[in-house]
Amino acid sequence: MNGLHPLVAVRSCLSKLPDEGPGDRASALEFVADGALRAGLATDLASMETLLDVGVWKAATVIAGSVAEALLLDALLKRAAEAQAAGKALEPPVEKKLDSWDLDALTKVAAKLGVIDGGTADACKLARGFRNLIHPGRSRRLEITCDRGTAFIAVAAVDHVIRDLRARKSN
């Protein structure tokens, strides 16, 4: 490269690449229409898998919960009016705009509208509880910390959400 030392040339090329890549699970997200969202979620999925591989349980749990939330929000935004109405029918009702909902509200409405099945909703409920262990006070009060089990439950919730959304897209 223009007379540069080979290591400088390699470093120059590598510095232009993203720090993280989408991994091999990106193809599982073909139902996400927004390309930027799909790419970001694919990167998060790859990070989640890496974190599982190296035993970073809290981070894997939190990222998995975030991915599940983003996937449910994306699915419900495609049916925004119907989702808002279903949210207002919850007890207690969710009055906020759809993009302000938490994982609990997204899960309940997605299940109510048949976007996800009951088992997936149960997995998301568990993932939500474990993801909230990022708050030190909550973890201390409940005397629970993120561990291998919390991480795998949260990842299972993501896998089930993806399965359900892919199945509904193909129907």
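Met-48 is buried, with a relative accessibility of 0%, where under 20% counts as buried. Met-48 belongs to helix α2, which covers residues 35-54. This is a predicted model.

**Met-48 and its surroundings**
- Met-48 and Ile-63 are separated by 15 residues in sequence.
- In space, the C-alpha atoms of Met-48 and Ile-63 are 6.3 Å apart.

**Helix α3 by itself**
- Helix α3 runs over residues 57-77.
- With 21 residues at 1.5 Å a residue, α3 should span 30 Å, and the 30 Å between its end C-alpha atoms agrees with that.
- The buried residues of α3 include Ala-60, Thr-61, Ala-64, Gly-65, Val-67 and Ala-68.
- Also among the buried residues of α3 are Leu-71, Leu-72, Asp-74, Ala-75 and Leu-76.
- An α-helix has 3.6 residues a turn, so residues three or four places apart point the same way.

**α3 against α5**
- The axes of α3 and α5 (residues 103-112) come within 9 Å and cross at roughly 50°.
- From α3, the contact is made by Gly-65, Ala-68, Glu-69, Leu-72, Leu-73 and Leu-76.
- From α5, the contact is made by Leu-103, Leu-106, Thr-107, Val-109 and Ala-110.
- The residues in the contact of α3 with α5 are eight nonpolar, two polar and one charged.

**α3 against α6**
- The axes of α3 and α6 are 9 Å apart, and the two helices pack at an angle of about 130°.
- α3 and α6 are therefore oblique to each other.
- The crossing of α3 and α6 is left-handed.
- On the α3 side, the contact is made by Thr-61, Val-62, Gly-65, Ser-66, Glu-69 and Leu-72.
- On the α6 side, the contact is made by Cys-124, Phe-130 and Arg-131.
- The residues in the contact of α3 with α6 are four nonpolar, three polar and two charged.

**Leu-126**
- Leu-126 lies in helix α6, which covers residues 118-131.
- Leu-126 is partly exposed, with a relative accessible area of 45%.
- Leu-126 and Glu-82 are 44 residues apart along the chain, and their C-alpha atoms are separated by 25 Å.

Key:
Residues numbered from 1 in each chain as written. Predicted model: local features only at pLDDT ≥ 70, side-chain atom pairs only at ≥ 80, totals over all residues. Heavy atoms only, no water. Axes fitted to C-alpha atoms, helices over the stretch in contact; angles between N-to-C directions. Helix = DSSP H or I, 4+ residues; strand = E, 2+ residues; numbered from the N terminus. Contact = heavy atoms within 4.5 Å. Nonpolar A, V, L, I, M, F, W, Y, C, P; charged D, E, K, R; others polar. Buried < 20%, exposed > 50% of the residue type's maximum accessible area, 1.4 Å probe, protein only. Expected span 1.5 Å × (residues − 1). Parallel < 35°, antiparallel > 145°, perpendicular 65-115°, else oblique. Left-handed = near helix turned anticlockwise from the far one by under 90°.
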